[in-house]
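Please read the following report with the sequence and the coordinates at hand. It goes through selected features of the fold one after another.

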Amino acid sequence: MTEITRDVVIVGAGAAGLTAANELRKAGLSVAVLEARDRVGGRLWTDVIDGAMLELGGQWVSPDQDALIETVADLGLETFSRYREGESVYVGPDGVAHRFTGEMFPVSADTERTIAEITERLDAMVAEIDPDRPWAHEKAAEWDAVSWDAWLRAQTDDDEAVRNLAFATGSAMLTKPTHSFSLLASLLMAASAGSYSHLVDADFILDKRVVGGLQQVPLLLAERLGDDVFLGQPVRTLEWDASTSSATGGGVTAVADGMTVRARHAILALAPVLYPRISFVPPLPRLQHQMHQHLSMGFVIKVHAVYETPFWRDKGLSGTAFSPYELSHEAYDNSNHGDERGTLVGFVSDRTADDLFRLSAEERKERILESLSHYYGEEAKSPVVYYESDWGTEEWTRGAYAASFDIGGLARYGEYLREPVGPIHFACSDIAGPGYQHVDGAIRMGRHAASEILTTRSETAESEPGA
Ligand code: FDA
């Protein structure tokens, strides 16, 4: 068992943990990053499957994601735009593929008016929400007590309008059934991207990708840290000195499978649903014990289908496709930069994903490709490479895309999520305000945890010269 001593031990080598470690190193502190997996990146994972480069986890960058855009530029990475020329496809309740351009689905005039009116109402509510403090809104408790589905159904009895409005934060973002999270959680999701309209604008939210894959962000951040990143080191126990405050820092000892790190501060840079996997000695306070039980991961299958050519482009299709009635509720042209082959990416969310995993792999593939063929035609059924990213089976993630509160949890506990506990600080996309559940939020939270430590250390140094 190796034993080392550092100023800060960081648990988790995702975008959040690696950002925090780099910030602390720049400020002159020594760090050790302990990562459970045998790779860095966490939910960012660019891999080659059967000869095709696939983004198994996060990939898109939107224009509001300043922290991610800055990091991408700082690391010297290039971006490219998602292919979006041509018409999009919408499959309505009639089961027919309708082509359209612009943001509004081709629905009846009445449904279109209803969607527009409710979107306007939502944008006005979102504008009142501070994504860093949604719990501080005067109606937070009220909005957190009603499910997203119930609120939408109280606005209109137009089922097609409800389904289309619901899926922007439901299947497409929080990836949970819309009765299982609150209106406030939905407003936070929208506020974190600037507005509800932004969320439903695929050209905005799924704007750019990184040439060569987004996992290069954590890979290059880890490269800068050199030998201070330790792979295959799941932290099992975190001993901490409960008598110390976050300001003074104090003894923390992280015990992983092959090593022990003693430090003054710890940053937990992992999905909050995984905190209880660590034995805290002494146990975390009551509030954390309770709060962490009200967070859970959403679940979505990310499906990759690679074809000899992007055949849909020849049909005048952009590849962008939506339907709240389809197994794959959204799908896009996800061809790699400079690649002659065409790649489609589709998503199957929450209960539909559960149902599919009750089938055999062959049946599942058949059902998913059938759904894609409803958007793009028969050719979609014959990819040369097919792969399903299943983050639900990943021990060190346990779902996708991220964690969110159950109904009532955000108003009740949200304000305590980022609050340090003694020398323990928290950083993850799942506790972010702007960039919530996205890489941008992970980077922001990494910076935030690092600056908390740096600020408290400089305050301590001022009050205790020589400390
Ligand atoms: P992350 O989970 O990445 O990192 C935590 C790390 O901690 C992991 O490496 C884990 O192994 C490690 N760990 C856990 N327990 C440990 C322990 N006990 N000891 C040591 N290490 C431990 N975002 C976006 O901006 N654009 C997008 O297009 C998408 N799309 C998308 C698709 C899919 C399929 C997924 C799964 C996710 C996305 N996302 C996304 C979300 C984005 O990927 C995610 O928000 C961030 O990568 C999370 O980064 P963090 O560092 O916060 O956590």
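The sections below treat the strands, a helix pair, the ligand shell and some backbone details.

The model is predicted, and one of its open sheets contains 5 strands in the order β10-β3-β2-β14-β23, with parallel pairing. The edge strands of this sheet are β10 (229-230) and β23, each of which pairs on one side only.

Strand β14, which spans residues 265-268, is covered on both faces: His 265 and Ile 267 on one side are buried, as are Ala 266 and Leu 268 on the other. On the β2 side, strand β2 (residues 8-11) pairs with β14 in the parallel sense over 4 bridges; within this pairing Val 9 has Ala 266 as its bridge partner, while Ile 10 stands opposite Ile 267. With strand β23 (residues 424-426), β14 pairs in the parallel sense over 3 bridges, and here Ala 266 stands opposite Ile 424.

## The mixed sheet

Another open sheet of 5 strands has the order β1-β13-β12-β11-β15, and its pairing is mixed. Because β1 (2-5) and β15 (279-281) stand at the edges with a single partner strand each, one side of each is left without a neighbour in the sheet. From one strand to the next, the twist averages 15 degrees.

The partner of β1 is strand β13 (residues 259-263), which runs parallel to β1 and is joined to β1 by 4 bridges. Within that pairing, Ile 4 has Val 261 in β13 as its bridge partner.

Helix α1 lies across β2, β3 (31-34) and β14, and runs at about 170 degrees to β3.

Two packed helices are described by the angle between their axes and the distance between the axes. For helix α1 (residues 15-26) and helix α10 (residues 216-225), the angle is about 35 degrees and the axes are 9 Å apart; the crossing of α1 and α10 is left-handed. On the α1 side the contact is made by Ala 15, Leu 18, Thr 19, Ala 21, Asn 22 and Arg 25, and on the α10 side by Val 217, Pro 218, Leu 221, Ala 222, Arg 224 and Leu 225. By type, the residues of the contact of α1 with α10 divide into 8 nonpolar, 2 polar and 2 charged.

## The ligand shell

There are 41 residues around the ligand, and those that come nearest are Gly 12, Gly 14, Gly 42, Gly 58 and Ser 429. The elements that contribute two or more residues to this shell are α1 and α16 (439-463). Sorted by type, the shell around the ligand holds 23 nonpolar, 12 polar and 6 charged residues.

## Backbone details

Most residues other than glycine have a negative phi, and most peptide bonds are trans. Against that background, the peptide bond joining Val 281 and Pro 282 is cis, with omega about 0 degrees, and Pro 282 lies in the loop between β15 and α11 (286-292). A cis peptide bond is also found from Ala 400 to Tyr 401, where omega is near 0 degrees; Tyr 401 belongs to the loop between β21 (385-389) and β22 (403-405).

The loop between β21 and β22 also contains Arg 398, a residue that has a positive phi of about 75 degrees although it is not a glycine. Arg 398 is partly exposed, because 17 other C-beta atoms lie within 10 Å. Asp 50, likewise not a glycine, has a positive phi of about 45 degrees and lies in the loop between β4 (46-49) and β5 (52-55). With 10 other C-beta atoms within 10 Å, Asp 50 is exposed.

## The surroundings of His 198

Where does His 198 lie, and is His 198 buried or partly exposed? The residue is found in helix α8 (residues 196-200), and since His 198 has 19 C-beta neighbours inside 10 Å, it counts as partly exposed; the cut-off for a buried residue is 20 or more.

Leaving aside residues up to four places away in sequence, His 198 touches Ala 193, Phe 204 and Ile 205. His 198 and Gly 435 are 237 residues apart along the chain, and their C-alpha atoms are separated by 13 Å.

How values were computed
Residues are numbered from 1 along each chain as its sequence is written. This is a predicted model: local features need pLDDT of at least 70, side-chain atom pairs count only at pLDDT 80 or more; totals for chains, interfaces and linings use all residues. A residue is buried if 20 or more other C-beta atoms lie within 10 Å of its own, exposed if 12 or fewer, and partly exposed in between; C-beta atoms are placed from the backbone. Two strands pair if DSSP finds at least two bridges between them. Axes are lines fitted to C-alpha atoms, for helices over the stretch in contact, and angles run from 0 to 180 degrees between N-to-C directions. A crossing is left-handed if the near helix is turned anticlockwise from the far one by less than a right angle, and right-handed if clockwise. Two residues are in contact if their C-beta atoms, placed from the backbone, lie within 7 Å. Ala, Val, Leu, Ile, Met, Phe, Trp, Tyr, Cys and Pro count as nonpolar, Asp, Glu, Lys and Arg as charged, and the others, Gly among them, as polar. A residue is near a molecule or strand if its C-beta atom, placed from the backbone, lies within 6 Å of it.
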